[in-house]
Amino acid sequence: MSQIELRDVAIEYKKPKSEERFVAVQGVNLSIEKGSFVTIVGSSGCGKSTLLLSMAGLIPKARGSIRVDGREVTGPGPDRAMVFQDASLLPWRSVHGNVRFGLELQRWTRDDMNERAARFTRMVGLGSFSDYHPHQLSGGMRQRVNIARALAVDPDVLLMDEPFGALDAQTREVMGDELLRIWERDKKTAIFVTHAIDEAIFLGDRVVVMGKNPGHIREVIEIDLPRPRTNAMLDSETFIEYRKRLRDYFASDMQSMQMVRDVA
Amino acid sequence: MIGVWRRHQALISGVTSFAIILAAWQLAVDFGLVKAFFVSSPALVTTQFIKQLHSGEVLTNLSVSLYEFAWGLGLAVVVGGACGIFASWSRTFEAVLEPFIWFKYSSPTIAFYPIFVAWLGLGEPTIIAISFIFAITPVYANTLSGIKNADPDLIRAARSFGARRHDLFLKVALPGSVPILVAGLRLAVGRALTGVVAAELFGATAGLGFAISFYGQKLKTNEMMVSLMLVVILGIIFNQLLSLLESATDSWRTGPGRAE
Amino acid sequence: MAVTTQIEPRQVPSLGALINRHYSLVVSTISVLVFLALWQISADQGWINARYTSTPSAVARAALVIFRTDNFFYHAWVSLSEFGIGFALALVVSVPLGLVLGTSRSIRLFVEPPLMAMYTAPRLALLPILIVWLGIGMASKVAIVFLGAIFPIIVNTIAGVRDADPRLIQAARAFGATRLDIFTKILIPGCLPAILMGIRLGIGRGLLSVIVGEMFVSEAGIGYQIMTYGQGMQIDKLLVYAFVVSIFGYSLTLAVKLMEDHIRSWRPAS
């Protein structure tokens, strides 16, 4: 049995001030093996972030089941850690204090907390910035702290919601390489949501393509590229092939958006 | 020279403008533009000040007013803070208090002064009570607002690590609300001082407000000015102290991301 | 294409649902009613001394008496005029002053320290000296209202000007706007919400000032009545006047708040 099992998952939102419900995601079935890096890609509004949030246990699902290591997900837990697009660092704490934050909430012992916080701060390359505060860091550095914080609690699953979305293109690339480097060490199960096609292919073992209206899985593409990934692979034929497939999906999304506008 | 100016701009301009005002004041009186009877003058006030200092009057008035101020402010902070915290936890509690806060906000507290006197007598308890009521609103309002308006991104991140309600409160909402709390404290300090002085104007036997009223009624402008100046100076000192506290607690404000 | 929304049949909200949605309002109303009831009951039962606190029923009766016989409108008119004149003067002086100070950095550098000193100092302490200068009639109250209202308005106007969006100014300049144009077309409309907020705060202070002033020394006015009744232990009548002031103050600040919110809604979230 795979580590993460989603069966027939549907998620709905209640519209404010009315009794109507909006279906964000429907009929999702997905199995994720332990130690794999899965990327979820789709255009805006396809529910990919929503799906991730429900895996994290932060929003409830309307139907279906989400199981991690055989246990049903009913809320946040120490087995899953989330990395948001917004670094969400406590501005009054230093880098060290922020990396410690998750450990504190999960009640690790004092010595362990300090040791782990220091270790993961170094792992993301911020060892000499341990006493800096968030307002003194760049966007990329803040995201590294965000990642270190998530890794420090030793989760079984790492959930990442467009963590590089707010960064500029070059920083994004560097961070992608960094992320893989860090991931290679422990090979934790990772689920990475993005709307950037290249990023999805470059990072993942598998790419889950989502469509919208309502959110659903269109296809799961196995990425047949060796690890560790290198930037040279971006120009390989295989990569270009994958990219084309994904772009075709997005093109049809754009067209359907056009249709809605004509009709409306 | 320019460096000195830049660094201490505020201080230099502040001192200069006060010096100019004092000089203009003195000159206006000396040249007969205004009568000393009405406005006194820096020279006369200083003389009076020294006189009152020697007689112990300054010390008595200061200590009485400061004592009442400390109590009024202290009670306001403790009660206002506790209510604010409680109201942030319980929507019911907040809704119960809200109409009274609104009423307090729009009614002139001083109007109820005679009632306080009837309950607590003329003197310190009434003055402390008025000061307390003046000061409690910003403390309560800012505590409540600071906690309720905790950064939702931080709350969400904390929840993703399994934070429970008291974790969210102690580790995210409360520390994050410190700047707003300090801003509220700043307002409260000003209000507490105003409350003390205003209440003393009406019924007291000692204190700065009492002295102002006492000498004012006797048309002794010089004597009155001493206490008035002391009140103003106290206000400035407190304000500056709180300004310092504000910058000290605000150093971690996250601005837009700095360049790499 | 799949359906995006599933509409469930509309149901008439039950009482429970209604209470849920307006929970705060309901609890607040109940709280006030409970308070009034407790007040009345504890006075009737002798738990508290009604001489000092009066009761809701006594206050209501006193209100009728006052509105009919007490020269109420005369006193109200006195207070209202003192407040109105003082506030109008404050507006006329403080808005332009605030605008000038907000735009000119050099002037602000020298004027701000004494300004902030006056803002934070208890202006009520000036009451005795104002009485010395202006006597016990209306003039001294107008003065204290003026002093009470100008500082919030000036300080908030300055803040409003400093918050002006530099991008809008830049765009205007690109179209060849003169300094006057920028002043009237961008700055003033832009800092209107801040000015209104200053006005709102000024109203509160101004009202407080006029009442305190009248309570301290005067020949007429609502504050004068409050003090008279207070000293004569006619708490029920005192409370009527106090409530009148509260309601007036509340309505006025509410009106300004609505204007403020309306204007703020035009602006994009900054």
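1. Met233(C) is partly exposed, because 14 other C-beta atoms lie within 10 Å. The scale runs as follows: 20 or more other C-beta atoms within 10 Å of a residue's own make it buried, 12 or fewer make it exposed, and partly exposed is in between, with C-beta atoms placed from the backbone. Met233(C) has a positive phi, near 60 degrees, and is not a glycine. Look for Met233(C) in the loop between helix 12 (222-231) and helix 13 (235-264) of chain C. Helices (H or I, at least four residues) and strands (E, at least two) are DSSP runs, numbered from the N terminus.

2. This is a predicted model: local features need pLDDT of at least 70, side-chain atom pairs count only at pLDDT 80 or more, and totals for chains, interfaces and linings use all residues. Residues are numbered from 1 along each chain as its sequence is written, while chains are lettered from A and ligands numbered from 1 in the order in which they are written.

3. Chain A has backbone points to check too. Ser88(A), not a glycine, has a positive phi of about 50 degrees. Ser88(A) sits in the loop between strand 6 and helix 2 (95-105) of chain A. Ser88(A) counts as buried because it has 25 C-beta neighbours inside 10 Å. Arg227(A) and Pro228(A) are joined by a cis peptide bond, with omega about 0 degrees. Pro228(A) lies in the loop between strand 10 and helix 7 (237-263) of chain A. Most residues other than glycine have a negative phi, and most peptide bonds are trans.

4. Chain A holds an open, mixed sheet of six strands, in the order 6-7-8-3-9-10. Strands pair if DSSP finds at least two bridges between them. Strand 6 (80-83) and strand 10 (216-222) of chain A are at the edges with a single partner strand each, so one side of each has no neighbour in the sheet. On average, neighbouring strands of this sheet are turned by 20 degrees against each other, direction ignored.

5. Within that order, strand 7 (residues 157-161) and strand 8 (residues 189-194) of chain A are parallel, over five bridges. Leu158(A) is opposite Ala190(A) of strand 8. Helix 4 (residues 139-152) of chain A lies across strand 6 and strand 7, at about 175 degrees to strand 6. Axes are lines fitted to C-alpha atoms, for helices over the stretch in contact, and angles run from 0 to 180 degrees between N-to-C directions.

6. Strand 1 (residues 4-14) of chain A pairs antiparallel with strand 2 (residues 21-32) over eight bridges. Glu5(A) has Ser31(A) as its bridge partner there. Strand 1 also pairs antiparallel with strand 4 (residues 63-68) of chain A, over five bridges. Ile4(A) stands opposite Val68(A) in that pairing.

7. Chain B has 13 helices and zero strands. Its radius of gyration is 23 Å, well over the 18 Å that the globule rule gives for 260 residues, so chain B is more spread out than a compact globule. The radius is taken over C-alpha atoms; the rule is 2.2 Å times the number of residues to the power 0.38. Of the 260 residues of chain B, 40% are buried.

8. The contact between chains B and C takes 45 residues from chain B and 42 residues from chain C. Residues are in contact if their C-beta atoms, placed from the backbone, lie within 7 Å.

Definitions and conventions. Contact = placed C-beta atoms within 7 Å.
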